[in-house]
Amino acid sequence: MTVELIGAIALVFGLIGLFVESSFIVYVFFASTLLGAAGALILNAVGGTNIQPAHLLLGFLTIKLLASRDIRDGALRAITFGRPAFWLLVTTCYSTITAFVMPRLFMGETLAFAVRSQSGENYAAPLIPTTSNLTQSIYLIGDFVCFFLLCGYGSSEAGRRSMGRAALVCAILNLLFVVLDLLTYATNTTELLSFIRNSTYSMISETEMAGFKRIVGSFVEASSFSYWTLGYFAFTTSLWLNGTATRLTLSLSVLSFVALLFSTSTTAYAGLAAFLLVQFVATGIKMLFRPIRRQMIIFIVALPMLFSIVVLMICLNEASYAYVGDLLDTFIFKKMSTASGVERSNWNSQAIRNFVDTFGLGAGNGSVRASSFPIAVIASLGVIGAVTYALFLVSIWFKKDIKAAPSVVATQVAARSACLAWLIAATASGGFIDLGLPFYAFAALACAEPQVAQMRAVNKKRSSLGFSTIRNADI
């Protein structure tokens, strides 16, 4: 095992977090999820597997938050039957079982693309147990722990506010990394960022396409950057639409939008189009049934107008029309005919074949590589795992609304928007069932129930059974 510089820094912050307020370690943990190209620890004995700073800090977060009785109680309430944490727990347990059982049960019965290829090979090989079954299971367990803990932390007003601010800090830091990425590339000083680009993953951080430097920020490639930036764009846009710190959130939304446009990533363009369409329709429906904020009216009116103006300006200029046409062919219309598109199409086709060959039981978590999150889920976890996972995801957006302060409601709605954007992006290009720690952190923010609401639910249940109600002072 090798401890990297960024790992030593994470250890120091983690140790400090054990002796100060809980909000400190929460802020540090949220910020560390941006370091997608960093390896805090390199496990040479397990094929050079990376332990990222966020996963390292998750251990310190667990120790700190579980030390609080209120957070423990809130977390335990979050895993009661029917709540999001319950369905994620069931999915995690089932996926861990499949990772061990299915590759052995169906060994050699089907072909699968390796989750982590060795020596650059890119072909389907007979299904066998691999270290990816272990690592992908650990990642999903970490996702559950993250969601479980932050649901407990978010059961207090102070906790929800800290998580909302930490999420906003992530959007700001992500843009700062964009500036550093472009600045170091322009000045040939990219080695200055090597301490956060030290993982054993393949780094694609210094490429150009269509005349632009492909923005990667603090991630390994443009696709990963655009995936996560799409969520931060959705988060800040939703906050602006709901009137929260409008100047700041509008600025962050616009800057994130520009960064996505210049990332030259198909994931960014497809995700942006789909998310903006969903947001436009949802805002329009809301406008039909109740009064809406001024920002929402601006969004409804300005979005189609800006789109129409941009299209007209492009069409009226031959050079711009030809250039944009080439871009659309490169990134969207002819994407599937490229080597990358053909490769990803083969991954999905074989993943569907894995689902059929295993009689709908799945090949096990970590056994299959796909290029679409839903396909990866059914190929890895089969029908049972796909159903429980779907129940978790659905419960994020269709949970019962709880009366709370407007700022809390706006933050939770924004967190749901970020999760929706990430799910859209994962559907377009996600290769595994793990949606990443930021997804589950934001999902916890979206699902966290205030203690007042939880007390009312308990009181209602106790009253129906003939018991006395619980007073605020009793909790």
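The model is predicted. With that naming, Asn188 falls in the loop between helix H7 (157–186) and strand E6 (208–209).

Start with the whole chain. The protein chain holds 17 helices and seven strands. It has 475 residues, and 48% of them count as buried. The accessible surface is about 22200 Å². Carbon and sulfur atoms account for 68% of that surface.

Now go to the strands. Three of them form an open sheet in the order E1-E2-E3, and the pairing is antiparallel. Strand E1 (2–3) and strand E3 (49–51) are the edges, each pairing on one side only. E1 meets strand E2 (residues 41–43) through two bridges, and these two strands run antiparallel. At this pairing, Val3 stands opposite Leu41 in E2.

Is it enclosed or open to the outside, and why? The cut-off for buried is under 20% relative accessible area. By that test 11 of the 11 residues of H16 are buried, so the helix is largely enclosed by the rest of the structure.

The largest cavity has about 30 Å³ of space. Which residues line the largest cavity? They are Val115, Gln136, Asn365, Gly366, Val368, Ser380, Phe432 and Ile433. This lining divides into four nonpolar residues, four polar ones and no charged ones. Ser380 of the lining has a number that falls within helix H14 (373–397).

Helix H13 (residues 339–357) is the next stop, and Asn346 is found there. Ser345 also has its place in H13. Asn346 has 40% relative accessibility, so it counts as partly exposed. Ser345, at 30% relative accessibility, also counts as partly exposed. Both can be traced to Ala370. Asn346 and Ala370 are 24 residues apart along the chain, and their C-alpha atoms are separated by 8.4 Å. Ser345 and Ala370 are 25 residues apart in sequence, and 8.4 Å apart in space, C-alpha to C-alpha.

Follow the chain out of H13 to Ser371. This serine sits in the loop between H13 and helix H14 (373–397). Is Ser371 buried or exposed? Its relative accessible area is 3%, so Ser371 is buried. Leave aside residues up to four places away in sequence. Ser371 then touches Arg344, Trp347 and Asn348, among others. Its partners also include Thr427, Ala428, Ser429, Gly430 and Gly431.

What does Ser263 touch, not counting residues up to four places away in sequence? The contacts are Arg214, Ile215, Ala222, Phe225, Ser226 and Ala268. Ser263 can also be placed against Glu208. The two are 55 residues apart in sequence and 9.8 Å apart in space, C-alpha to C-alpha.

Finish with two backbone angles. Asn188 has a positive phi of about 55°, although it is not a glycine. This is the loop residue from the opening, between H7 and E6. Its relative accessible area is 66%, so Asn188 is exposed. Ala245 is a further residue other than glycine with a positive phi, near 40°. Ala245 lies in the loop between helix H8 (222–241) and helix H9 (246–261). At 42% relative accessibility, Ala245 counts as partly exposed.

Definitions and conventions:
Residues numbered from 1 in each chain as written. Predicted model: local features only at pLDDT ≥ 70, side-chain atom pairs only at ≥ 80, totals over all residues. Heavy atoms only, no water. Pairing = 2+ DSSP bridges. Helix = DSSP H or I, 4+ residues; strand = E, 2+ residues; numbered from the N terminus. Buried < 20%, exposed > 50% of the residue type's maximum accessible area, 1.4 Å probe, protein only. Areas by Shrake-Rupley, 256 points an atom, 1.4 Å probe, with all protein chains shown as cover. 1 Å grid on protein atoms, 1.4 Å probe; cavity = no way out; pocket = protein on both sides within 12 Å on 5 of 7 lines; lining within 4 Å. Points joined across faces, edges and corners; volume = space filled by probe spheres on them. Nonpolar A, V, L, I, M, F, W, Y, C, P; charged D, E, K, R; others polar. Contact = heavy atoms within 4.5 Å.
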